[in-house]
Structures are given as structure tokens and as C-alpha cells.
Amino acid sequence: MLPPPTLHWTLLDLNAVGKALDTFTTLPCPARPMPNSLSRWCDISSTRLTSLLTSHAPSKRPCPRSKPWWSPRLSSLRREYHKFARLSRLDPSPLNWSNVKSSRRTYFKAIASAKKSHWSDFLSSATPRSLWTAKRFAFGRPPQRFPDLPGASDPTELAETLLQHFFPSKPPRPPLLRLSRYEDYTPLTSEEISRALSKSSNTSTPGPDHIPYSVWKSVHRIKPSLLPSLLDPVLAHSFHPPCLKKALGIVLDRPGKPSYDAPSSFRVIVLLRTLSKILERVVASRLSAQAAICSLIHLLQCGSLPGRSTTDAALVQQHNVESFHRLRYKVSTLFFDVKGGFDNVESPSLLSLLRIKGVSPYLVQWVGYFLRDRTCHLTFQGSPRLLAPISVGVPQGSPISPLLFVIYVSSLQLKIAKSLIISYVDDFAVTVASPSYRTNVRLLQKSFLALKRKASPINISFSIPKTELIHWRTASSNEPPCSLPV
């Protein structure tokens, strides 16, 4: 079955869009907005803008005969072959039959040559992002498995079962304050939007709005004041409307599972609206700027902040191990992963931590509205097109979610004697050094139990199957490798 027609954004008529945007203005924001009125204003304004963009984008209508390697020459050879085939059926003379065989041979040789040439061109210009596409072309796409869960007799019950597994219900959250403008709020500028868009990939899959970042970059380049006029009233009142919190959940099977009759055999890729992610990236930039001032994040947390990458975490780890080795110590590291990760973040605890640390009140209230009243539409074969309310800690796929999670688990950066804790978002590494590996094992067990006690009050636990232990050795070490476990 062919997929439904989609919009061909690469053929968007930017000249027509530019003329339409010249006369496009956002509706006046309510003077004293309430959550319902501000949400309705944002929904209407964003719908008007997306409708303007989609009206100028042609549709891609997939066809089973459409091939990227097809050319006008192949069409001409095909017409010639069909012409001789029709003549041979009317007059089966040796001459006509010879023409049929000759044209057929030329036609299919041209097809093979076009396929080979297209494949060679594709591989010669392949990038790290397109290597998986090359693998899919070479080995084919595996068949998509349909969720067949016991107790779910129709797609609606199936969607409810999957939603309950991936987004289990949480206790009701306390009501938030009424909307208000805070004195410490700084108006949103077009430069902030430009920086947010520059960090957004054009190849990122859009969510329910189906509008990629490349379109928003063109819109912002044509009319820089448009996106700030749409997003600034929302952020100024520390509000994140429900229309920007609609997500699309793509249900995919996990390869290599012995059976697919349980929800754990599948996973969900959550796609968010790109317009919302632009605002989320702006807020993440503002919150990360306050993180250093308010000591929200430990110095050895190497993720979700500018200038702290995976390379930084690896270099810090290497430096610590080599420093202990120069002191003739035995060094061991325990690597472990937070179980559940983003889903276990409790909104009241996170908001309380932000207030205690002195984060701007408008950012604290915006985070509170951002984390509540979210909806998701699960997509699988035969799925009902219904938006269902979901309970999440911090949403997957959002630019601000890793930063919020890092702030939430910052209390796990304990000062434990003879040990050092490095973390990268939800991955932790505890390194200890002593005269013997046996002592290291005892120190690691003590450190892990201390972290476990500290993590329990904030509903954080660790995944035991993902735990790894390394006893580091120098190149000149003559003693046998240590196999002591934790």
C-alpha cells in the first residue's frame, strides 16, 4: 500500500510565500490573557501561519513506478520497444521480431546501466548520515511488525495498552498560578530565534505540523519579526499552550526480540512540533545561561551545556585515570545508567529545585506549564487517529529535556571520599583509586550504595543490566588482569 501524499517542501515557492508574508500579521494578543484565551490565540495564529505555508507547497504523490534513476532516454527506449512489440503482434515477420529483440535488449541494458550509475553516484557522495540509507538499499527494509498484544482486540485497545506502558499514569499535579508578566522577563528577539534555528537540523523529522526546520529558516529570513511576534506573548506570560504540546509517537519494533506479544518488544520515537521546539531551544539557552550563575549543574556533568561534550567527558576520565596511575595507584571505574531516565522526573521536585536555586520566576512557571497537559498520537498500522493525554517526566525529543534532567539529577554528584563521579546526562561513572583492586571494589560498592540512597527520594533508580566495571591497567603492567566483580 502506498503512503499518503505529503508536501514537497523542497519545491516551496519562496517568492509567493514572501509576498504572502508581507501582508501577514499575527492577531492581537488578549490584553489580560487567561490560559484558555492565550491558548486559543496561539492555536489560531499558528494555524493561520502553517496554512499559509502549506498552501504554497506542492504535494508529493508517491507512485509505484517512480524511480530516482529514471530518465527521459529510458522513456524513449520504452516507447520504441512497445511500438515494435505491437507491430510484431500485428505482423509476426522475422524483421519485426528482430526489431523487438533488439529494442528489448537495448531497453533493459539501459535500465541496468542507469541503476548502476545511480548507485555509484549515491555511494560516491555518501555521508555518515546516508550510510544507513545505503544499507537499506543494499539489504532491503525489514518488514514492520504489527503489535499483537494479548487482551487488545482492536486498534483502540492496542493504542491504550501501548500508551499505558510507555507513558504510565502519574499522580495529578498541583494547579499552577495565574498567568502574569514578570519584571525580570526579557523580550524575545529575532537574534535568539536565529541562534535557535542555526542549531536545528534541516534533516530532523517534523512532528504533527509536518513543517521542517528549513521552512522556518526561510520564513525567518524573509520576515525576521514574524516568529518573535508569535512566540514572545506566550513566553512573556510564562505559558506553553496545549497546541504546541501535541506529539506524534511512531511505534517501532525492537530487532532481535524472541517474540512480539509484549509492549516491551517495541519502542516509541516521539516527534514534536518544530515550532514548539524553536521556543524550547530559546528557553534552554536562557536556562543554561542561568545554570552557571545559580550552580544548577556540577562541573563534572559533561552534557546538555555548551562546551561540555562527550569528548570532554572522555578526556576528564582519561586525565583522572592517568593521574592516579602516576601515583602508583590501582584505578577502577563503575559505569551505570539511570533506569527510565527522562520519564522519572517529578515535576514538583524539579520546580522546587529551580525556585530554591534562584532561577528566574518566569522560567520556573514556563517549565511548569511545559511539563503538564501533554498529548500524543501513537502511529502504527491501523492506529486510531486520536490524541490521548499522557503523563511524562520530561518529553523525549525536546531540546530542553536533557537540560531539565541534568538539573534534576544534579544532587547525585556526591562528594565521596577517594572517589570521583563524572556524568553525561543519564550515564554516570564512579572512579576510585587505592593500592589494590580489592579495595577499589569495596569503595565502588560503598559509593554505589550512597548514590542509590540519594537517588531514592527523587524517584531515580539505576539499570543493573547496563552496569559495566573496568579495572584500568597501564601498558607496562606485568600482573594478570583483575576479574573481581562488584
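Tryptophan 119 is partly exposed, at a relative accessible area of 32% (buried is under 20%, exposed over 50%, partly exposed in between; 1.4 Å probe, protein chains only). The model is predicted: local features need pLDDT of at least 70 and side-chain atom pairs pLDDT 80 or more, while totals for chains, interfaces and linings use all residues. Residues are numbered from 1 along each chain as its sequence is written, and side-chain values use heavy atoms, without hydrogens and water.

Tryptophan 119 is in helix α4, residues 94-124. Together, Trp119, Leu123 and Phe137 make a nonpolar surface patch of about 290 Å². A patch takes residues with over 30% relative accessible area and no salt bridge, joining nonpolar side chains (Val, Leu, Ile, Met, Phe, Trp, Tyr) within 5 Å and like charges within 9 Å; areas are from the Shrake-Rupley method with a 1.4 Å probe, and for residues only the protein chains shown count as cover.

## Overall fold

The protein has 15 helices and ten strands (DSSP runs numbered from the N terminus: H or I of at least four residues, E of at least two). Its C-alpha trace spans about 95 × 75 × 50 Å along the principal axes. Of the 486 residues, 43% count as buried.

## Helix packing

The axes of α4 and helix α5 (residues 131-139) come within 10 Å and cross at roughly 155 degrees (axes are lines fitted to C-alpha atoms, for helices over the stretch in contact; angles run from 0 to 180 degrees between N-to-C directions). That makes α4 roughly antiparallel to α5 (over 145 degrees; under 35 is roughly parallel, 65 to 115 roughly perpendicular, the rest oblique).

Helix α10 (residues 274-293) packs against helix α13 (residues 361-370) at an angle of about 135 degrees, their axes 11 Å apart. α10 is therefore oblique to α13.

Leucine 287 lies in helix α10 and is buried, at 2% relative accessibility.

Arginine 286 forms a salt bridge with glutamate 192 through their side chains, at 2.8 Å from N to O (the rule is a side-chain nitrogen of Lys or Arg within 4 Å of a carboxyl oxygen of Asp or Glu). Arginine 286 is in helix α10 and glutamate 192 in helix α7 (residues 190-198), so the pair ties together parts that are 94 residues apart in sequence. Arginine 286 is buried at 10% relative accessibility, as is glutamate 192 at 15%.

## Other salt bridges

The count comes to three salt bridges. In one of them, the side chains of arginine 273 and aspartate 209 meet at 3.9 Å, N to O. Arginine 273 is in the loop between β4 (266-272) and α10, and aspartate 209 in the loop between α7 and α8 (213-222), so this pair ties together parts that are 64 residues apart in sequence. Both arginine 273 and aspartate 209 are buried.

Arginine 372 and aspartate 373 also form a salt bridge, at 3.6 Å from N to O. Arginine 372 is buried, with a relative accessible area of 16%, whereas aspartate 373 is exposed at 53%.

## Positive phi in loops

Most residues other than glycine have a negative phi. Serine 295 has a positive phi, near 55 degrees, and is placed in the loop between α10 and α11 (310-326). Arginine 328, with phi near 65 degrees, is likewise positive. Arginine 328 is in the loop between α11 and β5 (330-339) and is exposed, with a relative accessible area of 75%.
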